[in-house]
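Subject: Structure handover and contact notes

Hello,

Here is the structure for your work. My notes on what was found in it follow below.

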Amino acid sequence: MTHLITLTETAADKVKEFMASKDHPDLALRIYVSKGGCSGFSYGMALDAAQEDDNVYEFNGIKVVIDPQSAPYLEGIEVDYVNSMMGGGFSITNPNAVSSCGCGHSFRTKDDAGAANSCSH
């Protein structure tokens, strides 16, 4: 099975922790893109139920869902979880992004600049 994305083992383990704390093992990790952010598009992640038209993947027992509108912007991404001196968080490496904001949560692609907003940090 070819995956649209990659979820590292470290990221999958962190998602499992979140799911266990919410006591909803039937939920999936939804990864999506919305217009806005400093560079035009923003990444989003949430625990959610899969919808009929979602792309569904599984990594180390974690179900990951991506809606059809977000899929073209997320093709080939790698989602990881990293710890640093400033704390931990999810990190997305996106081969489609030609530029991104310093925060790493906002990006634009070669073909679509999205709708950039001013930085709020």
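A salt bridge is taken here as a side-chain nitrogen of Lys or Arg within 4 Å of a carboxyl oxygen of Asp or Glu. By that criterion, a search of the whole structure finds three salt bridges.

Before the details, some conventions. This is a predicted model, in which local features need pLDDT of at least 70 and side-chain atom pairs count only at pLDDT 80 or more, while totals for chains, interfaces and linings use all residues. Residues are numbered from 1 along each chain as its sequence is written, and side-chain values use heavy atoms, with hydrogens and water left out.

Helices (H or I, at least four residues) and strands (E, at least two) are DSSP runs, numbered from the N terminus. Buried means under 20% relative accessible area, exposed means over 50%, and partly exposed is in between (1.4 Å probe, protein chains only).

Salt bridges

R30 counts as buried because its relative accessibility is 9%.

One partner is D48: the side chains of D48 and R30 meet in a salt bridge with an N to O distance of 2.6 Å. This pair links distant parts of the chain, with D48 in strand β3 (residues 41–48) and R30 in strand β2, 18 residues apart. D48 has a relative accessible area of 28%, so it is partly exposed.

The other partner is D54, whose salt bridge with R30 has its closest N and O atoms 2.7 Å apart. D54 lies in the loop between β3 and β4 (55–59) and R30 in strand β2, so this pair ties together parts that are 24 residues apart in sequence. D54 and R30 are both buried. Salt bridges that share partners join R30, D48 and D54 into one network.

The R30 and D54 side chains also make a polar contact at 2.7 Å. A polar contact is a pair of N or O atoms within 3.5 Å; within protein, one must be able to donate a hydrogen and the other to accept it, and residues adjacent in sequence count only if both atoms are side-chain atoms.

For contacts in general, the cut-off is heavy atoms within 4.5 Å. Not counting residues up to four places away in sequence, R30 touches G44, M45, A46, D48, A49, A50, Q51, D54, V65, I66 and D67.

A further salt bridge joins E17 and K14, with the closest N and O atoms 3.2 Å apart. Both residues lie in helix α1 (residues 9–22), three residues apart, about one turn of the helix. E17 is partly exposed because its relative accessible area is 48%, whereas K14, at 19%, is buried.

Aromatic pairs

Rings of Phe, Tyr and Trp (its six-membered ring) pair if their centres lie within 6.5 Å; planes under 30 degrees apart count as stacked, over 60 as edge-to-face and the rest as tilted. The whole structure holds three aromatic pairs.

The rings of F18 and F90 have their centres 6.2 Å apart and their planes at 50°, so this pair is tilted. F18 is in helix α1 and F90 in strand β7, 72 residues apart, and the pair links distant parts of the chain. F18 is partly exposed at 39% relative accessibility, and F90 is partly exposed at 25%.

The rings of F41 and Y73 are also tilted, because their centres are 4.6 Å apart and their planes are at 40°. F41 lies in strand β3 and Y73 in helix α2 (residues 71–74), so the pair ties together parts that are 32 residues apart in sequence. F41 and Y73 are both buried.

Ring pairs also link F18, Y81 and F90 into a cluster.

Strand pairing

Two strands pair if DSSP finds at least two bridges between them. Strand β6 (residues 78–84) and strand β7 (residues 87–93) pair in the antiparallel sense over seven bridges. A hairpin through two residues joins β6 to β7. N83 has G88 in β7 as its bridge partner.

The start of the chain

L4 is found in the segment before β1 (6–7) and is buried, with a relative accessible area of 14%. Leaving aside neighbours within four places in sequence, L4 is in contact with N55, Y57, I66, A71, L74, E75, G76 and I77. The C-alpha atoms of L4 and E78 are separated by 9.5 Å, and these residues are 74 residues apart along the chain.

Regards
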